[in-house]
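Here's a quick tour of charged side-chain pairs in one protein model. Have the coordinates open while you read.

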Amino acid sequence: MNTEIDISNITLQTARLTLRPWREADLDDFYEYASVDGVGQMAGWKPHKDKNESREILKRFIEHKKILALEYQGKVIGSLGIKEYDEEGYPEFREKKCREIGYVLSKDYWGRGLMPEAVREVLRYLFQDVGLDVVFCGHFLRNVQSARVQEKCGFRHYAYGRFETKMGTVEEDEVNILTKKEWEAALKNRDGCRLLLFDLDGTLLRNDKNISPAVLKAVRDCREKGVLVGVATSRGEQIALSILEELKPDLLIASGGAVVKYHGRYLYRAEFSGEETRRMIGVAREVCGLDCEITIDTMDSHYWNYRVDPKKQDPTWGDSIYTDFQDFREPSLKMCVEIFEEEQAKRLAERLEECDCVRFSDGYWYKFTKKAATKERAILEMCSACGIRTEEITAFGDDYADMGMLALCGRGIAMGNAVEAVKEKADLVIGSNEEDGIAEYLKWNFDI
């Protein structure tokens, strides 16, 4: 049955959003996003033709007391309605306290993880404060973005149907549900986090290669609550540690997964022999040209042959060593090659079939490690040695090399600046590395 709900005096707060009743003063913001082509059609209504139409609809929002405005940085960017579900269509729920939710978000704010953030808080309100047993939520089959939001928030498939839109069309739709028991179980799993695992560049680090004071404090506060802190980076160990002197992580996964170190003890290393390293460099030069730029990580050092000294561009490169790689034969953990032509990168990956090859999104660099040396394999090695389960890990990342890690861990968090493929793999998208997204997430989810 439908439970009576009046949201006229309700204000909900998330890390980035305020969910509150609509006001007449919201008209300009409402019209701004509701008039954009491609927004309303995803929910079954046409773009608003003028501000008078928006005014009339806004008036109904206020009168009906069941639709919340989504306010972000002082601007209304969408709505989330708590409406009545179809009691006749689903009579099996007549003994349960139920409602249905629906949402719309300004096109300018798609892809930032804001709607899952809003839906999660409304679910908390409905299950915890109102006492509902079941929440319904649906989407048109063609609306894959909405389907992904519901999946991230824990909804599961219940039925398929047909929806008559306000545009005079009929859409095939999917009806999903989430029960209070399912929500509570997911909440318990989230609260069971034992390890926070962060990528460095583009994630824990701002663009200036420093950890912001807000993020550093939030991570330290979590550690004081007994949560372990780890870093999983494609950087070599020595460079990573020079950045993390303040953080002092319990766990370090370096060189893209080739090294795992826990409380100062090496758990796993995946090294190429000196001869293997020499061959890899030779193949890279054969495929990409004798003057291609290369870096090599060893256990103790980071080597490079850049035309411009990287330490002059970025001091976090620390004590990196220049070499021309003419007769380089040291055992290594990782080779990176700058490759501007995708076809060359493909040929090199085929020639080095014993390697795991991943491109970094912020340039034309590709990393080559042992086939088994990935962040996700390193996590499994750590879990086996330390008695931590993958579902007890919350991982944060932004780049292609983080995708497996986010999919493996109990909760995979993508930064707002992450590449789209990473966002698609993640359970949640938060604010960017420049917006203290990690600090806001930790404050909200760990009560610090």
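Glu-391 and Arg-389 form a salt bridge, with their closest N and O atoms 2.7 Å apart. (A salt bridge here is a side-chain nitrogen of Lys or Arg within 4 Å of a carboxyl oxygen of Asp or Glu.) Keep in mind that this is a predicted model, where local features need pLDDT of at least 70 and side-chain atom pairs count only at pLDDT 80 or more, while totals for chains, interfaces and linings use all residues. Residues are numbered from 1 along each chain as its sequence is written, and side-chain values use heavy atoms, leaving out hydrogens and water.

Glu-391 is partly exposed at 44% relative accessibility, and Arg-389 is partly exposed at 44% too. (Buried means under 20% relative accessible area, exposed over 50%, partly exposed in between, with a 1.4 Å probe and protein chains only.) Both belong to a salt-bridge network that links Arg-194, Arg-389, Glu-391 and Glu-392.

A search of the whole structure turns up 34 salt bridges. Here are two others:

| Pair | N to O distance |
|---|---|
| Arg-235 and Asp-201 | 2.7 Å |
| Lys-217 and Asp-221 | 2.8 Å |

Arg-235 and Asp-201 tie distant parts of the chain together, 34 residues apart. Arg-235 sits in the loop between strand E10 (228-232) and helix H7 (237-243), and Asp-201 in the loop between strand E9 (195-198) and helix H6 (213-224). (Helices, H or I with at least four residues, and strands, E with at least two, are DSSP runs numbered from the N terminus.) Arg-235 is buried at 10%, whereas Asp-201 is partly exposed at 21%.

Lys-217 and Asp-221 both lie in helix H6, four residues apart, about one turn. Lys-217 is exposed at 51%, but Asp-221 is buried at 19%.
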